[in-house]
Amino acid sequence: MTTELVTPGDVIGKATEFKAGKGAYVKDTIIYASLTGTRRIVSPLPESLDQRAIVEVTGHKAHGPIPGTGSVVIARVTKVMARMAAVDILCVGSKAVRENFAGVIRQQDVRATEIDKVDMHQSFRAGDIVRAMVLSLGDARAYYLSTAKNELGVVSAESAAGETMVPISWTEMQCPLSGQTEQRKVAKVGN
Amino acid sequence: MAAKPGAATPTYSPKLVGSSRLPIFKDSDLDWSRPDGRGFHQCRPALLQTGAVSSASGSAYAEFGNTKVIVSVFGPRESKKAMVFSDVGRLNCNVSYTTFASPTIGQGTDHKEYSSMLHKALEGVIMMETFPKTTVDVFALVLESGGSDLSVVISCASLALADAGIMMYDLITAVSVSCIGKSLMIDPVTEEEGCEDGSFMMTCMPSRYEITQLTVTGEWTTPNINEAMQLCLDACSKLGEIMRDCLKQAASASEE
């Protein structure tokens, strides 16, 4: 593997020999870098049909992550309304965002079954940390998120007593102090 | 922000390539010279630094002679709520002057015309589709106005964008030329801009050899435009080299 520093616009290979990977683009059979970083040549996956080596630029300083369709995000619930919950996206994948992004979980996207019987207030509470998937870029205001999967939903919530609750089923969480149970759309965490 | 002591500031001057006719005057037998004693085809020394503003995603500081500019790039971040949905990214540019930027007493104001010209120069080079729905903000602040402000702002902005890790097709460099009488002066200072007959500014992608913006004002003859174009293209590619060196230096310094 060879490494060298490149800047946007530098020619990093020919499209006949290489395939453009991350931080690179092709124009007129020439591959250019689109980021500042180190040029790397990665061998293609053995099962791929295209056996050209991939040339990519790994940024020394990439911009902050932005949510994209299909990415799994961690978000904090800010407001629960009758038909939707407003959230702030905190992490995209495993990376924390640098700027805040607003998202909404609509009533029909909370769970996969009986989607017309969902009560938003029995699913989320302001302050909950949820894991959700980005359904679409949404409208001008917010990303549309979904928790309609077993592994998606509330991952951390505080009870009325101010203690972090423990999940006891996929719809309930219990406060270790008062023993009170609260309704949530709980995420299945781990295995 | 002061220049690093002892750091050599690289200068660059374009070479007229393929010019069939000789310059009308040789630099030596002109009866007047430029205010800062430069040759007519010699650019001011260019000092470039990245990472000038720590709170921004990316930033750059440029000092071309007396023109001092700082550009910060923020984002990609959420577009304003009032904006309509767009599946490609947005670019928001703003050029402003400090109150002490020019010797005449004025207020530090936003420069609307420069802001839109900066936007036009940059939008062709940024891969907008890589940050859908979000906005990249480019804020340029002219600390001291010493001539050719816009071209310095544009070059500095592209450096800041590269520092922020925004995907770009190429770097952008901008060079301006003034026409006074029969002579062409590259990279004019404020005094020269004040008495010019025509101004010419070109922004181009140096390694792609493509022009993204061309502004011509005032009185020009066709051969002069040709010569100015060649001068600018060559100066742009030389400035591009300086900018690449600056980025590479910053990248290798951060790795250590």
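In β6 of chain A, R39(A) is the bridge partner of E4(A). That pair belongs to a predicted model, in which chain A meets chain B through 28 residues of chain A and 36 residues of chain B.

**Four-stranded sheet of chain A**

- Strands β1 and β6 of chain A, the latter covering residues 37-42, pair in the antiparallel sense over three bridges.
- Both strands belong to an open sheet of four strands in chain A, with the order β1-β6-β7-β3.
- Pairing in this four-stranded sheet is mixed.
- Its edges are formed by β1 (4-6) and β3 (18-20) of chain A, each of which pairs on one side only.
- From one strand to the next, the twist of this sheet averages 40 degrees.

**Three-stranded sheet of chain A**

- A further open sheet in chain A has three strands in the order β2-β5-β4, with antiparallel pairing.
- The edge strands here are β2 (11-14) and β4 (24-27) of chain A, and each has a pairing on one side only.
- β2(A) is joined by three bridges to β5(A), which spans residues 30-33, and the two run antiparallel.
- Within this sheet, I31(A) of β5(A) is the residue that stands opposite G13(A).

**Make-up of chain B**

- Chain B has four helices and nine strands.
- Along the sequence, these elements of chain B follow the pattern β-β-β-β-α-β-α-β-β-α-β-β-α.
- Chain B has 256 residues, and 49% of them count as buried.
- Of the contacts in chain B between residues at least 6 apart in sequence, 70% join residues at least 24 apart.

- On the side of chain B that touches chain A, at least two residues each come from β3 (67-78), α2 (149-164) and α4 (222-255) of chain B.
- The element that gives the most to this side is α4(B), with seven residues.
- By residue class, the side of chain B that touches chain A divides into 18 nonpolar, eleven charged and seven polar residues.

Definitions and conventions
Residues are numbered from 1 along each chain as its sequence is written. Chains are lettered from A and ligands numbered from 1 in the order in which they are written. This is a predicted model: local features need pLDDT of at least 70, side-chain atom pairs count only at pLDDT 80 or more; totals for chains, interfaces and linings use all residues. Two residues are in contact if their C-beta atoms, placed from the backbone, lie within 7 Å. Ala, Val, Leu, Ile, Met, Phe, Trp, Tyr, Cys and Pro count as nonpolar, Asp, Glu, Lys and Arg as charged, and the others, Gly among them, as polar. Two strands pair if DSSP finds at least two bridges between them. Axes are lines fitted to C-alpha atoms, for helices over the stretch in contact, and angles run from 0 to 180 degrees between N-to-C directions. A residue is buried if 20 or more other C-beta atoms lie within 10 Å of its own, exposed if 12 or fewer, and partly exposed in between; C-beta atoms are placed from the backbone.
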